[in-house]
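Welcome! Please take a moment to look over the sequence and the model before reading this short tour.

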Amino acid sequence: MDKTIKIYGAGLAGCEAAWQAARMGVKVELYEMKPEKYTPAHHSQSFAELVCSNSLRSDSVTNAVGLLKEELRRMGSLIMEAADATRVPAGSALAVDRDKFSAYITDKICTHPNITVISREMTEVDDGITVVATGPLTSDRMSEYIQRELVGEGLHFFDAAAPIVDADSINMDVAFFASRYDKGDADYINCPMSEEQYNAFWEALVTAEEAQLKEFDKQELKVFEGCKPIEVDAKRGRETLLYGPLKPVGLVDKRVGRTAHAVVQLRRENAEGTMYNLVGFQTHLTFPEQRRVFRMIPGLENAEFLRYGVMHRNTYIESPGKLDVTYKLISRPNVYFAGQMTGVEGYIESTGSGFVAGLNAARGALGLDPIVFPRTTMIGAMASYVAVGGASSFEPMKANFGIIEPWPERVRGGNIAKYEKLAERSLAEIDRIAESLKI
Ligand SMILES: Cc1cc2nc3c(=O)[nH]c(=O)nc-3n(C[C@H](O)[C@H](O)[C@H](O)COP(=O)(O)OP(=O)(O)OC[C@H]3O[C@@H](n4cnc5c(N)ncnc54)[C@H](O)[C@@H]3O)c2cc1C
């Protein structure tokens, strides 16, 4: 059996995948198009380039991405080793010196005896085991090939998503369950607004700070007419939203027996009902502004945002039904995907998928059974989200406690107490898996 695998893209996911495969004794050919060709966001020759912020976000295990980091650390992640070796002071977050971070990883990859680095833009896959980790800005020729030969229509080039909040953080003394005109199963949570509350919200929305758009995102936004940001719609006039996403008609709060001036609807995001998205709230306000303005919505005063709204260029697969929980392409079992491409979102989330795909691609090359991480772990919850999706349309997702297997009973002491229990359960499971794999 050929024990060589190919990995396309030496970003966060590709480097992690290469490292995990190489340390299992599998030979890796790692193909990276830099320095011959650069995406619009990559500028350095080094691998695992952080294209924007140098923060890898929270380092606490009671935060979902912090838990994912700890899981990766315990299983010998190269990206986490580099992050810990090159960290800079940043309070409770893990931030890194980006140049040292990339240099550390590049050196480890280039000097590993099982890894051969080849500088080339890849445009197709052959019959060998291959992990495609070419990222959110995959080159055009590779994107076209993926669409044409591998995933068909299920390849997206733009991500326009509304924020998602933790169901437990919605104030149900104010919000109420109902469907418009009582159709369906009252699956929506509705946040009613008086005229005064609506006016204050509208003022805040139209004056809130928007995130800086990259030049290539501006181009994409122009052609992406189907999905306008809510703040752009709001600027068309004070009343516009009352005929759009905040339309109150048919939504009666039975506790008071009348319809409010405006209503924000939240739609269930997963089967368990632990996450809800704000319907029609695609936005490119900055994250702090989303938190400030959307918390003005009655019932969301203390909302915990599991994901903020985004609008940016992003190549990703509509993965549910196409990839399995090891990130393997079901229709072409020699092909794995990893990184942002799979519908995970963020540096560490991309790393996590690279870990799972690299480990399993190597196991495939060695003729071993796959390792499926359970949903009680954050790394497994992300893989399950990618393979199965949520209840509504599939959108890229950051690590969050809404997708992990819920704790079986109500936990006293609020969310932090609950997250502590979830983290403890997850890390015990990770330790057990790491021990069984001797990693
Ligand atoms: C502009 C922008 C800003 C972002 N900012 C953040 C942020 O601040 N924080 C955060 O957590 N996440 C951020 N993300 C999201 C995402 O987490 C990162 O992009 C992350 O780097 C994704 O990891 P990856 O390994 O999937 O892809 P990448 O790290 O992008 O790596 C992909 C690699 O593949 C190479 N490549 C592309 N096409 C080919 C080809 N055909 N053949 C060979 N090589 C190829 C690229 O050169 C690149 O080196 C951002 C994304 C973008 C686009």
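## Getting started

Helices (H or I, at least four residues) and strands (E, at least two) are DSSP runs, numbered from the N terminus. Residues are numbered from 1 along each chain as its sequence is written. Please keep in mind that this is a predicted model: local features need pLDDT of at least 70, side-chain atom pairs count only at pLDDT 80 or more, and totals for chains, interfaces and linings use all residues.

Tyr327 sits in the loop between strand E17 (310-317) and strand E18 (335-337). Its phi is positive, near 70 degrees, and Tyr327 is a residue other than glycine. Is Tyr327 buried or exposed? A residue is buried if 20 or more other C-beta atoms lie within 10 Å of its own, exposed if 12 or fewer, and partly exposed in between, with C-beta atoms placed from the backbone. Tyr327 has 33 other C-beta atoms within 10 Å, so it is buried.

Arg57, in strand E3, is not a glycine either, yet has a positive phi of about 70 degrees. With 23 other C-beta atoms within 10 Å, Arg57 is buried. In the loop between E2 and strand E3 (55-58) you will find Pro35. The peptide bond leading from Lys34 to Pro35 is cis, and its omega is near 0 degrees.

## Two crossing helices

Two packed helices are described by the angle between their axes and the distance between the axes. Axes are lines fitted to C-alpha atoms, for helices over the stretch in contact, and angles run from 0 to 180 degrees between N-to-C directions. For H10 and H11, the angle is about 85 degrees and the axes are 10 Å apart. H10 and H11 are therefore roughly perpendicular (65 to 115 degrees; under 35 is roughly parallel, over 145 roughly antiparallel and the rest oblique).

## Helix H12

Among the residues of H12, Tyr419, Leu422, Ala423, Ser426 and Ile430 are buried.
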